[in-house]
Amino acid sequence: MSNTKPTKRLTPASSETLLTLLETLPGALFVVDDAAKIVYANASAQTLLGATREEVCGKPLWRCAPQLVSTALYQAVQKTTQTRVPSEVAYRSPVTQTWLHVQLAPTVGGLLLQFHQGRAARTAAQREAPVPQGERLSIDDLNGLHTRIGVLTPEGIVLEINEVPLDDAHIRREEVIGKPLAEARWWSCSPPSQAQLRAAIARASRGETVRFETVVHPREGMDLHLEATIIPRRDVDHHVEYLVYVGTDITERKRAEAEIHALIDAIPQLVWIMRPDGYQDSFNQRARDYTGLSNEEAQGEGWMQCLHPEDRQRVRSAWQHAVQTGGGYETEMRLRQGTTGEYRWFLSRALPVRDEVGQTLKWFGTATDIDEQKQAEQRIKASEQNWRVLAETLPQLVWTTQPDGRVDYCNQRYCDLTQADFEQIRDYGWRQFLHPEDAEHTLALRQQSLATGELFENECRIRDGRTGAYRWFLARALPMRDATGQILKWFGTCTDIEEQKRAEQQLKESRESLRVLTETVPQLVWVRRPDGLLEYVNQRYRDYTGLLLEQIQSDPWAYLQFFHPDDRESHRAHLQHALDTGAMYEHEQRLRNGQSGEYRWFLARAMPVRDDAGQIVKWFGTATDIDEQKRTEEALRQSQERARVLMNSSIIGINIIEGEQIVDANDTYLRMTGYTREDLRAGRMNWMHMTPPDDLARTLEAHQELATQQSMTPYEKEYVCQGGSRLPVLVGAVVLEHHPFQAIAFVLDNSARKELEQRKDDFISMASHELRNPLAALKMQTQLVRKRLERQSQHEAATALSRVEGPVKQLERLVEELLDVSKIQAGRLEYVRETVDLDALLHEVAETMQQIHTTHTIVVRGAAPRSLVGDKDRLGQIFTNLISNAIKYSPGAETVEMDLSTSEETVTVRVCDHGLGIPREQRDKIFERFYRATGPRQKAIPGLGMGLYIVQEIVKRHGGTITVDSEVGKGSTFTVTLPRKRDA
Ligand code: ADP
């Protein structure tokens, strides 16, 4: 088929001549079509090829004419076919080594190629046409390179080939030129390699540079490891023009590699080889054994399947990073053991292998089993963690230091205490928290322990950042050493001993206090051992007895000699009981004063001191001087005895009152009042109820006095006895010292005296009445007789009789006063209510008195211009009496003064003399009935002691008061104050 078409085109019927011409041409002449298949070959060409026209026509030029083929020719054909411009090329035939000069001319649908042998035209041809690239470097020049080089058509037909592969196969060049490379002997004997080559040529013809490794068999007994590279070359239009085949002998390298692989397989680590792009190529036997993966399974990223899932992502990115940067790769990962499925830790490392220009050729990686190490590490880490946990849970401050003493760890408690973070504490930062007074000492000790490696122990104060106060700590540190004894670290703790310190201090203080106390207490103090032996006595004890400490220590019973003989036995018994039972020892005993020999009473007491277990450690005892107390007790006992006698006496009634109630009473009192003890117990005795209405005011007054003065002046009153009868009594009372709400009252039966008084009053009353009438008769008779005598002018007799009138008057006044007293006593003194001009009354009295008494001048000063309501005669009686007394009791004096003054409410009259005066203690008594002052001079002055009694009674009845102010030897002033208007 291929024959007909070009024949048709190139052999037109009209071109017979041309053909002839062509046949005769000296050079070989070919006509080829566009695919370079021979359409026509002239006779010279047939000769050259050694084949008939029929044999060659329709076949590719490159396959039929190896002696003509060259890359230069091939390029020229390609070019002329495309450009349709005639060209020429000169080259040396790789097969025949003869120079050929070729002229190429386009024809319709093909080319005309005319070959001339010889170098003659070469220079010109070179000049005229561009010389193809391959021509510059003859392929033969590459023979020395031991590299297999060939030029192929895109279909894989050999255009050129150098000597080396021809030598390998012991074949001639023309046996290969123009033939597919894949069918040449090297490849034909090894179908897999042949397939590899074909595939590579196909890929290269599409424009790709293809590289592959393979093994060829150039000849019998020769295995050649080749690294084949097929490089496409493009023309100006970027079409693939031809292919350059380069085959490098890598047999040696492969052997070396095999050796390396064997070596690698022998390495106890897992080893793998990666491509520059990170693709895993292979790994060693050990890796295969360990992972259970074959090389193929592990290829690419296949190996990652045996990575621990948790490590996969991390390892992948580390690996990718290493590949991208070309830097070293090192990571730890867990790899699964194929047989057991167990994961073990590996340290994986990889390094790139580079060529001279730094291009990465391969990565070599290893994985070393570090599982043991890792587990040990983890154990250490765990133990470290445990230690940390321990350190954090310890109630102490925990710290560690480097061998040089720099703090490299402290627990949280340390930070909490100091309120600082670790950075402030680390190295020597901790010093700032030390108490300034402890710093120097602590640092010196620390330095010393660092130098000697001995235990560091120190008490120091560390500032509590929370309070700002310092606390006491016991700091201790011990070194940790390695197997050679080298110090690796110091472990230290600080234990809070603040409480302990405080307790120690308190103990010290309390011991001191106890010592001071035992020496300062006013008692004798002693300490006994648990067995009772005396161990210590205080100074006071020694001073009292004269015993020395040494004596006590040498003879623990020496003290007994100071006991009163009567007390020794009981003391022993008490002591023994206390020692046996642990109960408190308490005993009263007489101790002899070593100096005076006098015995004094002491109350001895001892208590056991026990330890935490309740065991008695010591006995502490004191002996308190109770001699005074004993005496007081005795005195009290005696006084109680006396009181008891008094209480039991039948003479005096005694009761104890609280409020209105009589809460206790002696038998005498009960007998006096007719009540029973049962009445008393039942609370039926009430002094208010026992007081008759007449005496109520006086009784209340007396109790008022008791309340304010703590005692009442004894007063007379009557009791209403149980049966309703009356009993006159004299009552006095005092408030009980220890019971301020209670008072003790002494009650004397006054009935005998009262009866006597009554009788006396009755007598006075009777006598005064009895005297009054005869006296009145006497007075009247005397006056009548005197008047009769005067009428009879018996003047002498009359005068003599008149002298009787004075004493009669005196007697009359005496009887009047006696009567008044009786009336007062009986409450029957009568008063008239009238308006009295006091001023006038006083002047009248003064005048009358002045007439009678000539020895004194009565001076009236002041005035009482206002009148008052009262009984004029009785009021006159007051002042008559006072003036009379003033004159009577101032025998040597010359004047008696009367001062009158008034206020809105009252009138005051003072009667003042310059006489004897009244002693203080008698001033209240002079107003009592029949009382007379006791001084000898007063006694010499006659009187009955009734005047002032009547005066006071009249003043009282007028609602006034009378007081006396006096100085013995100088005189007295009686002051009467009367209200001006009295409600009757
Ligand atoms: P008599 O004067 O009758 O003794 P009185 O009742 O008048 O009784 O006085 C009582 C006592 O008071 C007198 O005994 C007298 O000792 C004393 N006395 C009264 N007035 C005075 C006075 N002016 N100076 C001194 N003593 C007086």
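Predicted model: local features only at pLDDT ≥ 70, side-chain atom pairs only at ≥ 80, totals over all residues.
Reader: Why is Leu100 called buried?

Author: The relative accessible area of Leu100 is 2%. Buried means under 20%, so Leu100 falls in that class. Leu100 is found in strand β4, which spans residues 99-107. Its C-alpha atom is separated by 4.7 Å from that of Gln117, 17 residues apart along the chain.

Reader: Which residues touch the most other members of the largest nonpolar core?

Author: Phe30, Trp62, Leu73, Leu113, Phe115 and Trp186 do so, in a core of 66 residues. The element that gives the most to this core is strand β10 (residues 240-249), with six residues. A second, separate core has 44 residues, among them Ile824, Val836, Ala864 and Leu900.

Reader: With which residues is Trp62 in contact, leaving aside its neighbours within four places in sequence?

Author: Trp62 is in contact with Ala36, Val69, Leu73, Tyr74, Val77, Ile157, Leu159, Ile177 and Gly178.

Reader: Why are α28 and α29 called roughly antiparallel?

Author: Helix α28 (residues 751-791) and helix α29 (residues 795-826) pack at an angle of about 160 degrees. Angles over 145 degrees count as roughly antiparallel, and α28 and α29 are therefore assigned to that class. Their axes are 8 Å apart, and the crossing is left-handed. The residues of this contact comprise 15 nonpolar, nine polar and eight charged.

Reader: How do helix α31 and helix α33 pack, and what is the distance between their axes?

Author: Helix α31 (residues 872-888) packs with helix α33 (residues 947-957) at an angle of about 145 degrees, and their axes are 9 Å apart. The crossing of α31 and α33 is left-handed.

Reader: Which residues form this contact, and how do they divide by class?

Author: From α31 come Arg874, Gln877, Ile878, Asn881, Leu882 and Asn885; these meet Gly947, Leu948, Ile950, Val951, Ile954 and Val955 in α33. By class, seven residues are nonpolar, four are polar and one is charged.

Notes. Residues numbered from 1 in each chain as written. Heavy atoms only, no water. Core = buried A, V, L, I, M, F, W, Y, C linked by side-chain atoms within 4.5 Å. Buried < 20%, exposed > 50% of the residue type's maximum accessible area, 1.4 Å probe, protein only. Helix = DSSP H or I, 4+ residues; strand = E, 2+ residues; numbered from the N terminus. Contact = heavy atoms within 4.5 Å. Axes fitted to C-alpha atoms, helices over the stretch in contact; angles between N-to-C directions. Parallel < 35°, antiparallel > 145°, perpendicular 65-115°, else oblique. Left-handed = near helix turned anticlockwise from the far one by under 90°. Nonpolar A, V, L, I, M, F, W, Y, C, P; charged D, E, K, R; others polar.
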